[in-house]
Amino acid sequence: MTSTWTEPSNTATALLLLGRGTDPASERGVECPGDLPAPSDPGLVARATAAKAALGDRVFVLGHHYQRDEVIQFADVTGDSFKLAQQAAARPGAEFIVFCGVHFMAESADILTGKNQQVILPDLAAGCSMADMAVLGQVEAAWERFEDLGITGEIVPVTYMNSSADIKGFVGRNKGVVCTSSNAKRALTWSFEQGSKVFFLPDQHLGRNTAVLEMGFGLDDCVLYDPHKPGGGLTDDELRNARMILWRGHCSVHGRFTLDSVREVRERVPGVNVLVHPECRHDVVRAADQVGSTEYIIKALEAAPPGSAWAVGTELNLVRRMALAHPDKQIMFLDRTVCYCSTMNRIDLPHLVWALEELVAGRVPNVITVDEETAANARVALDQMLALP
């Protein structure tokens, strides 16, 4: 059996246009802000090719899996956020690192690369709603609450890679660790060897799914700290008794998938395999057949037998790219209501061409720089992740 990717049609039920609506059934705060840029002028391909050739080995272009195909074609390396930061660090001869991703990723690259290198984000508006849900002042206020309760000696802070340099620095200062979606269990295992509680930032779903589904914790071992409520919305006893203190944050794309999405696709496509990212909600992850990081999803689809059907719960650009790369398999987006990651999509070909041509002209645009103290503290937490057994 073969299949061809079909773009969602522009209807109220098939496509939630970016910036033009929200779904009341979605998790609170999950919406599609901003407009998806129109396809770029094909003439820009020649300009990007020429500028990249003129820069030669001086430039190294990184492309996150969720980027548009028109950008990915110019990436020297593709991958998830941490893999890309590592790849940047492994290219000390590259004067310019052009990061086609979002702000926190460029920050991590700046932390891990040398002082002779400059990290460039083609569009400074390319942020991350999840990372923005954990603001340093709010996190420090929560930690002060824990100090007042006398429990900070028991708590190990853990932050997901999808967090700002400020939050990584906070975690490093407090003897914690950074994790990715693929090593979250290892990070939590290490953390519980250091203390009896974990303060998990900023994605509540990754923290809960890892603790409950991979480590045998109960849902009642987890509490949700809401920075917008007095005291986080938790009593003293709830904080004292909790093993996992989860920050109220989530991914605006993965948070869209619901249990109804899973049920609907199973009814519509008999024998379908449901494959989702661990940033999805707990009930969705429990209902899926397989759960894993972006790299896991790619490898699972590559290894899947011809003729198999897959409904994938992650960002649409990646799902579409995998469907087109494997026409012998039926690969589809899990939810019929589609939402791109609008901030990832801000890095389009016009922005990439502008950044490259500025470099050719001797001007360095949109440099992402993390101050030395924050970078040093964040590096402690990143190095601890790299040292995990």
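**Entry: a strand and its neighbours**

I started with a crossover: β12, helix α14 (residues 316-325) and β13 form a right-handed β-α-β unit. I kept in mind that this is a predicted model.

Next I looked up the cover on β12. Strand β12 spans residues 309-313 and is mostly covered, with 5 of its 5 residues buried. Buried here means under 20% relative accessible area.

Which way do the residues of β12 point? I noted Ala-309, Ala-311 and Gly-313 on one side. Trp-310 and Val-312 point the other way. Both sets are buried. I recalled a general rule: in a regular strand, side chains alternate between the two faces of the sheet.

Then I checked the pairing. Which strands are joined to β12 by bridges? Strand β10 (residues 273-276) runs parallel to β12, and 4 bridges join them. I looked up one partner there: Leu-275 pairs with Val-312 of β12. Strand β13 (residues 330-333) also runs parallel to β12, again with 4 bridges. In that pair, Ala-311 has Met-332 of β13 as its bridge partner.

Last, I stepped back to the whole chain. I found 16 helices and 13 strands in the protein chain. How much of the chain is buried? Buried residues make up 58% of its 389 residues. I also looked at contacts with a separation of 6 or more: 67% of them are between residues 24 or more positions apart.

Notes. Residues numbered from 1 in each chain as written. Predicted model: local features only at pLDDT ≥ 70, side-chain atom pairs only at ≥ 80, totals over all residues. Heavy atoms only, no water. Buried < 20%, exposed > 50% of the residue type's maximum accessible area, 1.4 Å probe, protein only. Helix = DSSP H or I, 4+ residues; strand = E, 2+ residues; numbered from the N terminus. Pairing = 2+ DSSP bridges. Right-handed = clockwise from strand over helix to strand, strands pointing away. Contact = heavy atoms within 4.5 Å.
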